[in-house]
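Visitor: Please take a close look at one part of this model, the pairing of its strands near the end of the numbering. Then connect it to whatever else can be said about the rest.

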Amino acid sequence: MSIDRLRRFIGDMTSLTGGAWQDKDEAAIVEVGAKLLAELVKHDDWLPESAAKSPPHGYAQNLLWCDPFERFCVVSFVWSPSANTPVHDHQMWGLVGMLRGSETSLSFTRHPETGALVPGKLTKLAPGDVEVLVPAIGDIHQVTNTLADQPSISIHVYGGNIGAVRRHTFDVKTGQPNLFVSGYTNKEQPNIWDRSVEVRAGG
Ligand code: FE
């Protein structure tokens with residue numbers, strides 16, 4: 001178990017969101033970010049236990065890292081068995097990488113006359129898979145842990161500080177939005193910077 005993979009991913013995302021792409025090819029950030037996240041979730045040997053604990057009901061959203069300029073953040077979502085989210089949006093781009101277990105994302109579109117939200121594509125994620133969410137294309141969805149007998153974990157990357165932005169849950173029948181700010185479950189972030197073991201070993 002090593003947090004090195006997460007530290008390297010954060011470095012790569014920092015270059016991607018702060019470098020030559022800065023003004024501001026979102027499509028390129030999302031495309032390259034999805035590849036980086038796929039590489040991260042290909043291995044399940046780095047997420048600290050403290051950020052992998054399943055709550056008894058519902059889900060935990062643990063902040064692993066937020067960029068100092070809030071250009072991106074990394075969050076571990078731990079879903080208790082059969083847990084699901086309300087139907088919600090994000091107000092920024094998002095990447096969902098499946099680390100452990102399995103989840104579905106059900107997308108919704110707005111009915112042009114009634115305004116109701118109509119269920120559309122159902123995306124099922126297995127470990128290593130990455131889903132892309134872009135508001136311009138439509139990012140209203142509901143996420144469900146497909147496993148009824150065990151937790152699942154996905155790693156989410158967003159184009160901002162997702163826990164601290166005003167966004168919406170929706171009443172599906174009427175399409176009525178309700179403002180919410182999700183916050184984070186954990187009070188302390190994992191320490192990605194204690195590299196003393198490798199330094200002592202001469203690495
Ligand atoms: Fe979401």
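Guide: Two strands count as paired if DSSP finds at least two bridges between them. Strands themselves are DSSP runs of E, at least two residues, numbered from the N terminus. Keep in mind that this is a predicted model.

Now the pair itself. Strand β9 covers residues 167-170, and strand β10 covers residues 177-180. They run antiparallel, joined by four bridges.

Next, the metal site. His88, His90 and His141 coordinate the iron ion, each through NE2, at 2.1 to 2.2 Å. The spacing of these donors in sequence is H-x1-H-x50-H. Histidine 88 counts as buried because its relative accessibility is 9%. Histidine 90 is buried too, at 1%.

Last, the cysteines. A disulfide needs two cysteine sulfur atoms within 2.5 Å. The count here is zero. For cysteine 66, the closest cysteine sulfur is that of cysteine 73, at 5.5 Å, so the gap is too far for a bond. Seen from cysteine 73, the closest cysteine sulfur is that of cysteine 66. Both residues are buried: cysteine 66 has a relative accessible area of 19%, and cysteine 73 has 0%. The cut-off for buried is under 20%.

Definitions and conventions:
Residues are numbered from 1 along each chain as its sequence is written. This is a predicted model: local features need pLDDT of at least 70, side-chain atom pairs count only at pLDDT 80 or more; totals for chains, interfaces and linings use all residues. Side-chain values use heavy atoms; hydrogens and water are left out. Donors are N, O and S atoms within 2.8 Å of the metal (3.2 Å for Na, K and Ca); water is not among the atoms, so sites may look incomplete. Buried means under 20% relative accessible area, exposed over 50%, partly exposed in between (1.4 Å probe, protein chains only).
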